[in-house]
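Colleague: I am new to this structure. Please take me through some of its details.

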Amino acid sequence: MEKFVINGGRKLSGKLRVESAKNSVLPILAASILTNEEVIIKDCPKILDVLNMIRILAFLGVKTRFSDGNLIINSSGINGYAIPQSLSNQLRSSIFMMGALLSRCGKAELAYPGGCEIGLRPIDIHLKGLKNLGILVEDTGGEIICVADKMCGGEVYLDFPSVGATENVMLSAVTAKGKTEIRNAAKEPEIVDLMRFLNAMGAKVYGAGTSTILIEGVEKLHGAVFKPVSDRIEAGTYLIATAITGGEIELENCSAKNISSLIHKLCDNACKISIKNDIIYLKSGACRKSFSFATGPYPCFPTDLQAPLMSLATVSDGVSVITENVFEMRYRHVQELVKMGADITVSGRTAIVKGVKRLMGATVNAHDLRGGASLIIASLNAEGKTIVEDINHIQRGYYEMDKKLRSLGADIKKKN
Ligand code: UD1
């Protein structure tokens, strides 16, 4: 098992370029099978989740290759619609293949998806949405079998604005006969990106970014060259990492508007932030002040930045109150932060964080992707050596995090 070894206490300083968004690239990879023509995803990050999604595509007979950081995909040889459990349980996003395979082959079979253990993560909203499009769904408890004899547009109401369910319904509706309306749709920037990608392939999707998405089914989609939106969660992670060390950073290829909820919290914390075009510049404040926030669907504070921002709260003056409203089990990093000297009490969905002067190095475990990132952030502040174990989770979503942090002056090494 690989681990990161970090000696804390160094101020971060420098420039970084933010990658394309993981949560945009993954559904786009699924959507790329909707055409026989070539699809090019520009600046595609080689993170583990993307590599695992590529393994699923390869299993189905799809050809992919990286060239100059771009991923080239050709699905003309697709020869299957069933994904074995050994592949689907590697990542949550394997579920996107359900909508995409239904569109492409009229059938889809896959085991329940894997991914971070941050809650129950059922797929009932996905399945209900697909049923509304006339798809027959058989859920055997371990495997889901979907058949679209007559896939036709319909009205879909999502009981919760689930990001994945919105994307799955979009993927199946683009080639369904007639019109589909998705109500209470998720509004995340990555949903807008999926619409932009599908429309670049010839689809007719309108309204993504609002709570009603309209889709007019088309018969055929064509190839496209597409640059995904930048990763707002990666950007946020490096902003917070810089703030906890008292440093300064310039981030390129950012959309500040997509993380405005975080930027406000960092300003509450006394950071100075300026924005010019796609560049965010952060200079840490002389002191760190406590702040409170509650996660929720976009444009509320993103659940994926809850753990990273909690690390900053652990060393900010006063009491911060954090409420996790999206996932019911997303506090597994708390026990690890406490090992590092943090003062955190969790009651239900709320965490009360009392700021301490400084954290201490310890051996901690990355239980999930963003919780793992929060431990790296905490270790940058901590006195002495921190060992973060189980970093596979972190590498699912952050490309070369150790190398990037070293370029900013951190003392971090990857070890076996
Ligand atoms: C996506 C993101 C993930 C982010 C999350 C919330 C991707 C690849 N992943 O995950 O990084 O943390 O959005 O912003 O884009 N739910 C149900 N039934 C369902 C579907 C969801 O009850 O059928 C619940 C979930 O358990 C969770 C909530 O709805 O409590 C939100 O989940 P959802 O928006 O679907 O998240 P994901 O698409 O899995």
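Modeller: This is a predicted model.

Colleague: How many aromatic pairs does the structure hold, and what kind of pair do the rings of Phe-197 and Phe-226 make?

Modeller: The structure holds 3 aromatic pairs. In the pair of Phe-197 and Phe-226, the ring centres are 5.4 Å apart and the planes meet at 70°. Planes over 60 degrees apart count as edge-to-face, so the pair of Phe-197 and Phe-226 is edge-to-face.

Colleague: Which parts of the chain does that pair link, and how many residues apart are they?

Modeller: Phe-197 belongs to helix 7 (residues 189-200) and Phe-226 to strand 14 (residues 224-226). The pair thus links distant parts of the chain, and the two residues are apart by 29 residues.

Colleague: What kind of pair do the rings of Phe-293 and Phe-301 make?

Modeller: Phe-293 and Phe-301 are buried. Their ring centres lie 4.3 Å apart, with the planes at 40°, so the pair is tilted.

Colleague: Which residue forms one aromatic cluster with Phe-293 and Phe-301?

Modeller: Phe-293 and Phe-301 belong to one aromatic cluster.

Colleague: Which residues make up the covered face of strand 17?

Modeller: In a regular strand the side chains alternate between the two faces of the sheet. In strand 17 (residues 279-283), Ile-279, Tyr-281 and Lys-283 are on the uncovered face. The covered face is made up of Ile-280 and Leu-282.

How values were computed:
Residues numbered from 1 in each chain as written. Predicted model: local features only at pLDDT ≥ 70, side-chain atom pairs only at ≥ 80, totals over all residues. Heavy atoms only, no water. Phe/Tyr/Trp six-rings, centres within 6.5 Å; stacked < 30°, edge-to-face > 60°. Helix = DSSP H or I, 4+ residues; strand = E, 2+ residues; numbered from the N terminus. Buried < 20%, exposed > 50% of the residue type's maximum accessible area, 1.4 Å probe, protein only.
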